[in-house]
Amino acid sequence: LAGIRAEANRKVADNRLRQLEVANAETQRALKDAESQRTQAESQSSLAASRLREVEEMSFSLLNETYQELQELPGATAARARLIEKTLTRLQRLKSGGAGNRDLDLLIADSHGRLAAELGGTNENLGNPTAALTHLQTQVRTLNALRQITPTDIAVTRLWADARATLWAAEKRLNRVPNPKSLLDLEPVWASLLARAPRDIAVLRSAGSFYFRCATGVAPEPAKQTAYLQKARELWSAEEAISGGGENNWRNLALAYKYLAGTTARNKPSPLQLEYAEKARAYDQKRLDRNPANAQARMDLTFDITSIADYQAQHAKNYSEGSRLYREALRLRQTLHELEPANSWYRRSLIYPARYAAYAVWSAGDFAALLRDTAILRQAIDRASSSATPSDRASLEFFDGELAHHDKRPAEACAAWARAHKHSADLPELRARLANCPTVSSSPSSPSPQSSSSAPSSPSNPAPSLPTPPPARRKT
């Protein structure tokens, strides 16, 4: 009986042992399967992360290297916009698929800002400022969310503050009258960034842009405007000292000197205006020497040339030199317009040098040259169409009247001067001209009409009041 019981216990033990062995084998298989799945998951995760990095790197390359190359080519505005649109679509697809991190969000925000600049930024480019504003608003919302997560991140804070200032400027261009306080409230943010990263090139560049916007957007007092411009110039000069300069840096420095020249001209014309304009020209010429195909640099150079021409013709009274410089700027702009006729900025920019070239030769009493330059001005105004201002059209009619008066065609002269007065009453010379017309007067209180056959104006007569506009604003 004891033997039978021992045999039974042994069989039970053997059976239990076999069960344990089977269970252990199943456990080992499960562990092996789990390890295999974990390894596969890690591999897939690593592959996904690697692919995300590849897309980010490719997008960064497209938004910087390729975009920069296209930015310097004439006629490439639409191509730049398409490049950014496709890159942005790819990035947003990644984001909606569950991928996401700080770098991806920064790329998406940067893409919205760049696309806004191409659609209708400072220079208007493709002429759609409303669409540009939508992209800027999206950029600010993206950065607001990112800043909530990483409030101390210098790169995020820099791009956020820059986007806020850019959006403010875009609303101002669309006559939405944004509150100046919303821009000036960013000044402590930039002061903090400069204190934390005084040698960070991106911070120096963006901070300079902020102070530049303050100068051109919210500082009506000449002294305050000059102080902001000098601050921007100092920051960009510090960037140049660290980095050695380059396309963006030299463009910004040239822009600062352009506006300093313009501010000096409006406050109290002096040789300092010419000094600033020459410095701006030197920086833009460096950009053009570095890349002769750089359309932006070529256009910027024309602003330097017209600024120098303004000083020569309107202040130094060197009319021949002023006329030569205005025509030089006009030739450069005509070339750019022919390469990219859809660019509304290029098209409208033809008027200024054409108008003031005519003013210079009229001031010099050169009516043969005035006949030539008036025809050029007429063509520029026709090309600009609705972009031409009433003052532009008044100047054209005034010059037509001067030519008719010189040729002793008094009726035609008076008719042209009357049309000029309808466009704009801001030309003081018109009052004297219309006072000499037998049937037209500039106002009820005008003196009694005199003979319309009086001698044509001499070069010593006062020049027509053609107020010098500030330099055209551009993206920095």
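Me: How many disulfides does the count come to?
Reply: The count comes to one disulfide. Please keep in mind that this is a predicted model.

Me: Which residues does the disulfide join?
Reply: The disulfide joins Cys414 to Cys437, with an S to S distance of 2.1 Å. In general, a disulfide is a covalent bond between the sulfur atoms of two cysteines.

Me: Where do Cys414 and Cys437 lie, then?
Reply: Cys414 belongs to helix α18, which covers residues 410-423, while Cys437 is in the segment after α19 (429-435).

Me: Are Cys414 and Cys437 buried or exposed?
Reply: Both Cys414 and Cys437 are buried.

Me: And why is the disulfide of Cys414 and Cys437 called left-handed?
Reply: The disulfide is left-handed because the torsion about its S-S bond is about -100°.

Me: Changing topic: what does the secondary structure of the protein chain come to?
Reply: The protein chain has 19 helices and zero strands.

Me: How much of the protein chain counts as buried?
Reply: Of its 476 residues, 46% count as buried. The accessible surface of the protein chain is about 22,900 Å², and carbon and sulfur atoms account for 53% of that surface.

Me: How many residues does the largest nonpolar core have?
Reply: The largest nonpolar core has 108 residues. Leu183, Phe210, Leu370, Phe398, Phe399 and Trp417 are those with the most contacts inside it. There is also a second, separate core of six residues, including Ala295, Leu336, Trp345 and Tyr346. As a general point, nonpolar side chains in soluble globular proteins tend to be buried together.

Me: What is Leu183 in contact with, apart from its neighbours within four places in sequence?
Reply: With those neighbours left aside, Leu183 is in contact with Ala165, Trp168, Phe210, Arg213, Cys214 and Val218. Cys214 is itself buried, with a relative accessible area of 0%.

Me: One more residue: where does Ala109 lie?
Reply: Ala109 lies in helix α3, which covers residues 102-120. Ala109 counts as buried because its relative accessibility is 0%.

Me: Which residues is Ala109 in contact with, again leaving aside neighbours within four places in sequence?
Reply: Ala109 is in contact with Gln139, Thr142, Leu143 and Leu159.

Definitions and conventions. Residues are numbered from 1 along each chain as its sequence is written. This is a predicted model: local features need pLDDT of at least 70, side-chain atom pairs count only at pLDDT 80 or more; totals for chains, interfaces and linings use all residues. Side-chain values use heavy atoms; hydrogens and water are left out. Helices (H or I, at least four residues) and strands (E, at least two) are DSSP runs, numbered from the N terminus. Buried means under 20% relative accessible area, exposed over 50%, partly exposed in between (1.4 Å probe, protein chains only). Contact means heavy atoms within 4.5 Å. A nonpolar core is a set of buried Ala, Val, Leu, Ile, Met, Phe, Trp, Tyr and Cys residues joined through side-chain atoms within 4.5 Å. A disulfide is a pair of cysteine sulfur atoms within 2.5 Å. Accessible areas come from the Shrake-Rupley method with a 1.4 Å probe; for residues, only the protein chains shown count as cover.
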